Amino acid sequence: MSGNIELLNTTLAAAKAADRAALIAYLPAGFPTVDGGIEAVKAVVAGGADVVEVGLPHSDPVLDGPVIQTADDIALRGGVRIADVMRTVREAYEATGVPILVMTYWNPIDRYGVERFTAELAEAGGAGCILPDLPVQESALWREHADKHGLATVFVVAPSSQDARLATITAAGSGFVYAASLMGVTGTRASVGAQAQDLVGRTRATTDLPVCVGLGVSNAAQAAEVAGFADGVIVGSAFVKAMLDAPDEAAGLAAVRSLAGELAAGVGKR
């Protein structure tokens with residue numbers, strides 16, 4: 001079975017045709033439980049998310065701040081495994097029909113086996129992977145198998161990335177480019193900052209791929225700001241925090257659905 005990179009491409013193209021940015025939500029698999037994590041994905045899509053990133057919980061998530069680290073720890077202590085991540089992708093995709101990507105560090109894939117991981121992700125209906133710590137120059141094996149299975153390879157660029165480096169990264173990627181709005185880890189912030197807009201402009205000069213901005217977006221006003229210059233707005237910590245702060249799972253699901261609705265309005269989705 002082929003993966004859903006084309007669904008990702010058409011979803012992002014449809015948002016652009018509607019003159020708005022896509023809303024991309026991030027949630028870790030296995031948080032608060034595997035079943036609860038699947039319901040959370042359904043909730044953010046019901047609220048208005050166009051694309052969902054399912055996080056593969058990691059014991060040392062170098063890009064992630066304390067909120068997502070807390071959720072990852074809960075998932076890992078609950079015994080989450082890669083099979084649970086694949087199940088989350090499968091059931092979320094079957095229930096929603098939206099593109100579902102996995103965001104993961106490289107070590108779990110390397111240990112699991114690239115061919116096995118890509119084949120299972122495609123079979124589950126996944127659209128691709130975001131790989132924040134895989135250097136482009138070491139990505140040939142991954143990209144070979146991702147291409148074979150119809151999966152997007154999304155690389156992360158940062159404000160520190162030089163223009164020549166941006167060109168190298170974007171030439172190797174597919175689906176979209178993940179532009180980190182600032183140097184640092186994930187988390188909600190008072191301001192997304194001018195660095196993001198500059199990075200999007202420099203990245204667009206190297207590629208026709210959509211450029212989506214993450215790190216720091218947590219409310220409708222920030223989403224609207226980023227939607228003014230990016231093809232997609234990526235929100236993670238704000239959703240996770242809403243789940244963490246809720247008194248029970250039902251309240252958490254209601255909170256993330258409501259937040260998705262506010263953010264969807266911010267990116268111009270009606």
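**Close-up 1. Leucine 263 sits in helix α12, in a predicted model.** Helices here are DSSP runs of H or I with at least four residues and strands are E runs of at least two, both numbered from the N terminus. With 0% relative accessibility, leucine 263 counts as buried (buried is under 20% relative accessible area, exposed over 50%, partly exposed in between, using a 1.4 Å probe and protein chains only). Setting aside neighbours within four places in sequence, leucine 263 is in contact with Leu23, Ser218, Asn219, Ala220, Ala223, Val235 and Phe239; contact means heavy atoms within 4.5 Å. From leucine 263 to valine 235 it is 28 residues in sequence, but 8.8 Å in space, C-alpha to C-alpha. Residues are numbered from 1 along each chain as its sequence is written. As this is a predicted model, local features need pLDDT of at least 70 and side-chain atom pairs count only at pLDDT 80 or more, while totals for chains, interfaces and linings use all residues; side-chain values use heavy atoms, with hydrogens and water left out.

**Close-up 2. Isoleucine 68 belongs to helix α3 (residues 66–77).** Its relative accessible area is 2%, so isoleucine 68 is buried. Phenylalanine 239 is 171 residues away along the chain, yet the C-alpha atoms of isoleucine 68 and phenylalanine 239 are separated by 9.6 Å.

**Close-up 3. Helix α2 (residues 34–47) meets helix α12 (residues 249–266), the axes coming within 7 Å and crossing at roughly 30 degrees.** That makes α2 roughly parallel to α12 (angles under 35 degrees count as roughly parallel, over 145 as roughly antiparallel, 65 to 115 as roughly perpendicular and the rest as oblique). Axes are lines fitted to C-alpha atoms, for helices over the stretch in contact, and angles run from 0 to 180 degrees between N-to-C directions. On the α2 side the contact is made by Gly36, Glu39, Ala40, Ala43, Val44, Ala46 and Gly47, and α12 brings Glu249, Leu253, Val256, Arg257, Ala260, Gly261 and Ala264.

**Close-up 4. Helix α4 (residues 82–96) packs with helix α6 (residues 114–123) at about 30 degrees, axes 9 Å apart.** These two, α4 and α6, are therefore roughly parallel to each other. Ile82, Met86, Val89 and Arg90 of α4 make the contact with Phe117, Glu120, Leu121 and Glu123 of α6.

**Close-up 5. Nine strands make an open, parallel-paired sheet in the order β5-β4-β3-β2-β1-β9-β8-β7-β6.** Pairing takes at least two DSSP bridges between two strands. The edges belong to β5 (152–154) and β6 (156–157), each with a single partner strand, so one side of each has no neighbour in the sheet. Helix α9 (residues 194–204) packs on the sheet, touching β6, β7 and β8, with its direction at about 155 degrees to that of β8. Elsewhere, β2 (residues 51–55) and β3 (residues 100–103) run parallel over 4 bridges, with valine 52 partnered by isoleucine 100 of β3.

**Close-up 6. Strand β8 (residues 211–214) points Val211 and Val213 one way and Cys212 and Gly214 the other, all of them buried.** In a regular strand, side chains alternate between the two faces of the sheet. Strand β7 (residues 177–180) is joined to β8 by 4 bridges, running parallel, and valine 177 has valine 211 in β8 as its bridge partner. Another 2 bridges join β8 to strand β9 (residues 232–235), also parallel; here cysteine 212 is partnered by glycine 232 of β9.
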